[in-house]
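Work through the following exercises with the sequence and the structure side by side. Each task is followed by a solution that goes step by step.

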Amino acid sequence: MSGPAAQQAAGAARTPRSWRLARRSAILLLLVLGAGALAAAAPTWLRTSGATALDADVQVHVTGTTAAPGVGAGALVVVAAALALGLVGRVGRWVVLVVAAASGVVVSASAAAILRDPVPAATSAVAEATGVTEMTSAVTLTPWPAVALAVGVLVVLAAVWAAVSSPTWGRVSARHEIVRPDAGTPAAAPEATAAGAATGTPASPATSGTADRGAGRTEVVPADEPDEQETWDSLTRGEDPTDR
């Protein structure tokens, strides 16, 4: 097969594969970003110190999951949304992407709140460790809150990109569709079809069947054998299909 028919067949084969790859890329991207947000929330975000009656210098280290619980929760939702993206249909896809984008906003907003004012989170951690809310040293921030903020923004951008590209995931262009004959209709041989077109006479089933057998194609049932559909219809009407 060559020419336009070959191009249509190649296009039909490429198009579904391309939208499958696009959906897979979106799923993998959201999975990586969700895992990245979880990884950014695990290390220490804040360092400070407090004092007790027994120890004048109690070092306090606050992780991201403690300082900003929204980061861990949002990251888990992003991972769940990425997994759900491969299962839902066209309408559910939009819901999942909206949830993923909202989770990215939660992650970035929680990290930005710590970057803007880390004292409340540090005070709460010191009170839990020493029993008093007074800190004996300034609060020191690590780079992880900024990393979580960047990951949250990337989650939002990835969800927007997936939403923009998602209408093409399950759509195949009409020029890439191949029209197949019905299962019960025998296909005419190319030689018989060409001869019929030249003489103005349609190719008969017997001629088509002979050509198909010679070319290794589907064999046509001879005309003298009873048709299964007609036999069944005769039986349903109470007639004897052999009495003809």
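**Exercise 1: the sheet**

Six bridges join strand β1 (residues 44-50) to β2, and these two strands run antiparallel. Helices (H or I, at least four residues) and strands (E, at least two) are DSSP runs, numbered from the N terminus. The model is a predicted one, in which local features need pLDDT of at least 70 and side-chain atom pairs count only at pLDDT 80 or more, while totals for chains, interfaces and linings use all residues. Residues are numbered from 1 along each chain as its sequence is written, and side-chain values use heavy atoms, with hydrogens and water left out.

Task: find the order of the strands in the sheet, and say which of them stand at the edges.

Solution. Begin with the pairs of strands, where two strands pair if DSSP finds at least two bridges between them.

**Exercise 2: covered and uncovered residues of the strands**

Task: state which residues of β2 lie on its covered face and which on its uncovered one, and how many residues of β1 are buried.

Solution. In strand β2 (residues 58-63), Val-58, Val-60 and Val-62 make up the covered face, whereas Gln-59, His-61 and Thr-63 make up the uncovered one. For β1, use the cut-offs: buried means under 20% relative accessible area, exposed over 50%, and partly exposed in between (1.4 Å probe, protein chains only). By this rule five of the seven residues of β1 are buried, and the strand is mostly covered.

**Exercise 3: helix α5 and Ala-127**

Task: describe where α5 lies, what its buried residues pack against, and whether Ala-127 is buried, partly exposed or exposed.

Solution. Helix α5 lies across β1 and β2, running at about 55° to β1; here axes are lines fitted to C-alpha atoms, for helices over the stretch in contact, and angles run from 0 to 180 degrees between N-to-C directions. Next, list the buried residues of α5, which are Ala-121, Ala-122, Thr-123, Ala-125, Val-126 and Thr-130; the buried residues of this helix pack against β1, β2, α2 (64-67) and α4. Ala-127 is also found in α5, but at 26% relative accessibility Ala-127 counts as partly exposed. Leaving out residues up to four places away in sequence, Ala-127 touches Val-132 and Thr-133, where contact means heavy atoms within 4.5 Å. Finally, α5 is followed by Gly-131, whose phi is positive, near 90°.

**Exercise 4: Ala-41 and its surroundings**

Solution. Ala-41 and Ala-68, which are 27 residues apart in sequence, are 8.0 Å apart in space, C-alpha to C-alpha.

**Exercise 5: the buried side of α6**

Task: explain why the buried residues of α6 line one face of the helix.

Solution. Among the buried residues of α6 are Pro-145, Ala-148, Val-151, Gly-152 and Val-155. Seen down the axis of α6, the buried residues fall within an arc of 170°, so they line one face of the helix; the arc is that of the directions from the helix axis to the C-beta atoms. The face turned away from this buried side carries the exposed residues Leu-157 and Val-164.
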